[in-house]
Amino acid sequence: MTDRRLSNSTRQALPASVAVPGYDRNRVVPGIVHLGVGAFHRAHQAAYVDDCLAAGEMDWGIVGVSLRSADTRDALAPQDGLYTLAVRSSDSESLRVVGSILSVLVAPENPGAVLAALTDPRTSIVTLTITEKAYLRVAGGGLDTAHPDIVHDLANPQMPRTAHGFLAESLARRRAAGIQPFTLLCCDNLPANGATLHRLLVEFAALRGTDLARHIADEVAFPSSMVDRIVPATTDADRARISGQLGVKDVWPVMTEPFCQWVVEDDFPAGRPAWERFGVTMVGDVGPFEDMKLRLLNGSHSAIAYLGLLSGFETVDRAFADPAIRQFVDGLWAEAITTLPKDAGLDTADYTVQLAKRYSNTALAHRTAQIANDGSQKLPQRIVASAMERMSAGAPPAYLMLVVAAWIAACETRGKSLPESHFTDPLDLALAALDTRHLSADEAVAAVFDLAGFAKGGAERLTLIDLAAAHLERLRQGGVAAAFTALGIASE
């Protein structure tokens with residue numbers, strides 16, 4: 001294999017089967033700053049922006065920002081920001097080189113450079129995929145004002161560490177300089193993600209001063225969005241295969257599936273790309289689409305992850321091919337669908353058919369351990385919210401609560417049949433202190449509900465705990481097969 005890297009100088013020599021940027025990258029102007037420049041962003045938003053650049057909208061180049069690691073910057077800098085997007089189905093793969101990321105900044109190394117990019121008058125949109133846990137919320141949903149990084153950012157506004165600190169300081173600088181605020185577009189899996197970011201950032205800004213908080217509350221747009229594309233972790237084998245097809249080395253390619261969806265509320269006072277030309281759905285209210293995705297895709301993804309781990313399946317396609325897990329997912333969808341609005345134009349039947357096809361894609365090798373991360377942050381909106389709504393409607397959430405029990409059981413299995421750090425959670429230290437394996441199922445579930453804030457203040461809380469505890473007891477005594485039997489599902 002050649003040591004030559006994918007770059008501006010080598011992209012035109014790539015095989016004709018590889019799609020490459022046809023526009024002059026030297027003419028692209030940075031108009032978007034993206035916080036959290038990981039694999040998902042590069043498979044999703046950056047690809048949509050690349051389409052816009054190819055259509056002549058040259059004012060929307062991306063400045064990526066890593067809030068933690070330098071890995072992406074170090075990999076992409078020698079490649080002039082270029083990387084390969086490999087779109088894989090069970091029987092084919094297409095390669096596309098994406099050129100929309102102009103540079104990547106590493107916040108801990110140079111917070112001043114990040115603030116400069118955010119304050120640049122050309123920056124009209126700031127997008128975020130920083131994962132749920134980086135919003136630094138307490139169990140009740142408010143800002144964790146005692147978090148050490150929040151305390152640091154309030155004391156050192158010129159040297160922030162958190163997304164909240166960078167956004168508040170840059171908006172303050174733009175205001176002082178008479179520069180129009182950028183639009184903040186959250187792309188993380190949070191309920192009403194735009195409104196959630198708005199509330200948290202205003203809460204943070206209020207700790208700096210009421211004038212800044214009022215400015216952000218009144219003058220900054222926070223459209224919500226819903227994103228959907230499966231992006232499994234890239235392996236060394238993927239890198240070697242793709243580099244072989246390119247004829248040059250790409251150390252940072254991204255794997256993804258053919259399906260891609262982005263639903264965005266159309267509220268961009270400072271302007272935006274014509275995303276709708278390339279498949280983005282621009283709407284007035286993203287809520288129903290977001291709920292459908294969270295409860296049907298993300299909820300079933302978590303179910304497959306935890307039940308798959310407990311059943312010994314390493315990837316989604318292998319777990320979903322198990323008839324019992326497949327039957328369980330159908331039951332889970334049936335429960336969750338009843339909690340979605342009936343008058344929002346949602347086609348849940350077609351959506352679940354598409355999900356089944358996507359989960360059966362053998363080419364992705366989407367690891368169950370990867371999906372299992374951060375369950376305490378994900379399950380409230382993916383599973384618990386649906387369960388509470390079903391309870392309020394007088395319907396039992398038996399399938400939904402097995403997912404919660406499976407998460408607890410999978411956490412208990414780490415260090416035994418699963419490696420100690422097979423997947424991680426922000427509450428791992430607290431979970432370890434609980435040591436739920438030495439508690440009864442009832443005690444364990446109640447303690448975890450308290451710790452994670454599940455169904456806090458809900459009238460249905462005690463019933464949900466009872467349902468999850470019964471499932472956990474079956475999982476402990478007879479494994480997944482016993483839990484499925486109680487639901488009328490026969491395991492082979």
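Is Glu93 buried or partly exposed? Glu93 turns out to be partly exposed, at a relative accessible area of 25% (buried is under 20%, exposed is over 50% and partly exposed is in between, using a 1.4 Å probe and protein chains only). Before we go on, this is a predicted model, so local features need pLDDT of at least 70 and side-chain atom pairs count only at pLDDT 80 or more, while totals for chains, interfaces and linings use all residues. Residues are numbered from 1 along each chain as its sequence is written, and side-chain values use heavy atoms, with hydrogens and water left out.

**View 1. Arg88 and Glu93 pair up in a salt bridge.** Here the N to O distance is 3.2 Å (a salt bridge is a side-chain nitrogen of Lys or Arg within 4 Å of a carboxyl oxygen of Asp or Glu). Arg88 has a relative accessible area of 18%, so it is buried. The pair belongs to a network of salt bridges that also takes in Asp238 and Arg241. In general, side chains of opposite charge can pair when their charged atoms come close.

**View 2. Arg73 and Glu109 form another salt bridge.** Their closest N and O atoms are 2.9 Å apart. This one links distant parts of the chain, 36 residues apart: Arg73 sits in helix α3 (residues 71–76), and Glu109 in the loop between β5 (101–106) and α4 (111–119). Helices (H or I, at least four residues) and strands (E, at least two) are DSSP runs, numbered from the N terminus. Arg73 counts as partly exposed because its relative accessibility is 21%. A search of the whole structure turns up 26 salt bridges.

View 3. With 7% relative accessibility, His301 counts as buried. Leaving out residues up to four places away in sequence, His301 touches Ile230, Val316, Tyr359, His366 and Ile371 (contact means heavy atoms within 4.5 Å). Look for Arg382 as well: its C-alpha atom is 9.4 Å from that of His301, though the two are 81 residues apart along the chain.

**View 4. Thr352 belongs to helix α13 (residues 348–359).** Thr352 is buried because its relative accessibility is 13%. A polar atom of its side chain lies 3.0 Å from the backbone oxygen of Ala349. Not counting residues up to four places away in sequence, Thr352 touches Leu296, Trp333 and Ile337.

**View 5. Leu136 has a positive phi, near 55°, without being a glycine.** Most residues other than glycine have a negative phi. Leu136 lies in the loop between β6 (125–128) and α5 (148–155), and with a relative accessible area of 12% it is buried.

**View 6. Asp435 also has a positive phi, about 50°, although it is not a glycine.** You'll find Asp435 in the loop between α17 (428–434) and α18. At 28% relative accessibility, Asp435 counts as partly exposed.

**View 7. Arg272 and Asp266 meet through their side chains in a salt bridge.** The N to O distance is 2.9 Å. Asp266 counts as partly exposed because its relative accessibility is 43%.

Terms used. Polar contact = N/O pair within 3.5 Å; in protein donor to acceptor, adjacent residues only side chain to side chain.
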